[in-house]
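Visitor: Could you walk me through this one, starting with the sheet and then going on to the helices?

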Amino acid sequence: MIFDKNTAKKTAELLLQINAIKLQPQEPFTWASGWKSPIYCDNRITLSYPETRNYLSTNLAHFIKEKYGKPDVIAGVATGAIGIGMLVAQQLDLPFIYVRPEAKKHGRKNQIEGIIPTDKNVVVVEDLISTGKSSLNAVKALKEDNANVMGMVAIFNYGFDIAVENFEKDAISLHTLSNYDNLLEQALDTSYISKEQQQTLQNWRVNPAEWNK
């Protein structure tokens with residue numbers, strides 16, 4: 001679920017302007033999974049643009065206050081959401097931690113980096129939601145460490161059905177600044193893509209694993 005329409009369109013506009021999101025329906029990217037994709041999203045690029053990162057962190061922080069009050073801790077999902085998560089925590093004047101995909105094999109063998117007292121309320125910050133698997137893996141680690149996960153917020157969501165199912169199954173609420181539908185709408189409104197390209201991009205999301213084979 002997006003925060004609101006205006007924020008979704010503005011977020012999409014900013015991400016397209018700085019090339020954090022690229023749309024190339026005629027020259028698809030290849031994801032690590034092997035999928036051919038007309039879109040590539042790297043929200044870590046936003047950290048290099050002060051105006052954009054301030055807009056994103058301010059709106060994420062504002063929503064957290066509106067939705068959850070003031071949690072005890074903000075958690076970022078490594079590695080993509082460490083930067084934006086820390087900015088959100090700074091805006092809210094809250095402690096920050098981050099969650100690795102798995103525990104380290106050396107040292108203290110931490111999966112969660114930072115201090116999280118037992119039974120504290122945590123909101124998780126992500127940069128990007130695809131299937132939701134890695135995001136929910138972080139939630140699982142936090143719960144196993146006796147944290148109370150209130151919900152998750154993110155910059156962008158592809159809107160895959162599998163992600164919706166995964167979050168519903170784990171009973172975790174998810175809200176994002178923008179999503180795929182609003183991105184395509186903004187891209188069409190600004191002539192970044194044509195109507196024909198919009199249809200190609202919509203077709204991809206229906207079955208990304210088989211698209212363009």
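Guide: First a term: two strands count as paired if DSSP finds at least two bridges between them, and the elements themselves are DSSP runs numbered from the N terminus, helices being H or I of at least four residues and strands being E of at least two. This is a predicted model, in which local features need pLDDT of at least 70 and side-chain atom pairs count only at pLDDT 80 or more, while totals for chains, interfaces and linings use all residues. Residues are numbered from 1 along each chain as its sequence is written, and side-chain values use heavy atoms, with hydrogens and water left out.

Visitor: OK, in what order do the strands of the open sheet come?

Guide: The order is β7-β6-β5-β8-β9-β10, 6 strands in an open sheet with mixed pairing. Because β7 (112-113) and β10 (174-179) each have a single partner strand, they stand at the edges, and one side of each is left without a neighbour in the sheet.

Visitor: And how many residues of β9 are buried?

Guide: Taking buried as under 20% relative accessible area, exposed as over 50% and partly exposed as in between (1.4 Å probe, protein chains only), 8 of the 10 residues of β9 are buried, so this strand is largely enclosed by the rest of the structure.

Visitor: How many bridges does β9 make with β8, and how many with β10?

Guide: β8 and β9 pair in the parallel sense over 8 bridges, and 5 bridges join β9, residues 148-157, to β10, again in parallel. Val153 of β9 stands opposite Val125, and its bridge partner in β10 is His175.

Visitor: Which helix does the chain pass through between β9 and β10?

Guide: That is α5, residues 161-169, and the β-α-β crossover is right-handed, which means that, with the strands pointing away from the viewer, the path from the first strand over the helix to the second runs clockwise.

Visitor: Switching to helices, at what angle do α6 and α7 pack?

Guide: Using axes that are lines fitted to C-alpha atoms, for helices over the stretch in contact, with angles from 0 to 180 degrees between N-to-C directions, helix α6 (residues 180-189) and helix α7 (residues 195-206) pack at about 170°, their axes being 10 Å apart. They are therefore roughly antiparallel, given that angles under 35 degrees count as roughly parallel, over 145 as roughly antiparallel, 65 to 115 as roughly perpendicular and the rest as oblique.

Visitor: Who makes that contact?

Guide: With contact meaning heavy atoms within 4.5 Å, α6 contributes Tyr180, Asp181, Leu184 and Leu188, and α7 contributes Lys195, Gln198, Leu201, Gln202, Trp204 and Arg205.

Visitor: What do the buried residues of α6 pack against?

Guide: Their partners are α1, β1 (21-23), β4 (39-41), β9, β10 and α7, and the buried residues include Tyr180, Leu183 and Leu184. Just after α6, Ser191 takes a positive phi of about 60°.

Visitor: Last one: where is Arg53, and what does it touch?

Guide: Arg53 is in helix α2 and is partly exposed, with a relative accessible area of 26%. Leaving out residues up to four places away in sequence, Arg53 touches Thr46, Leu47, Ile84 and Leu87.
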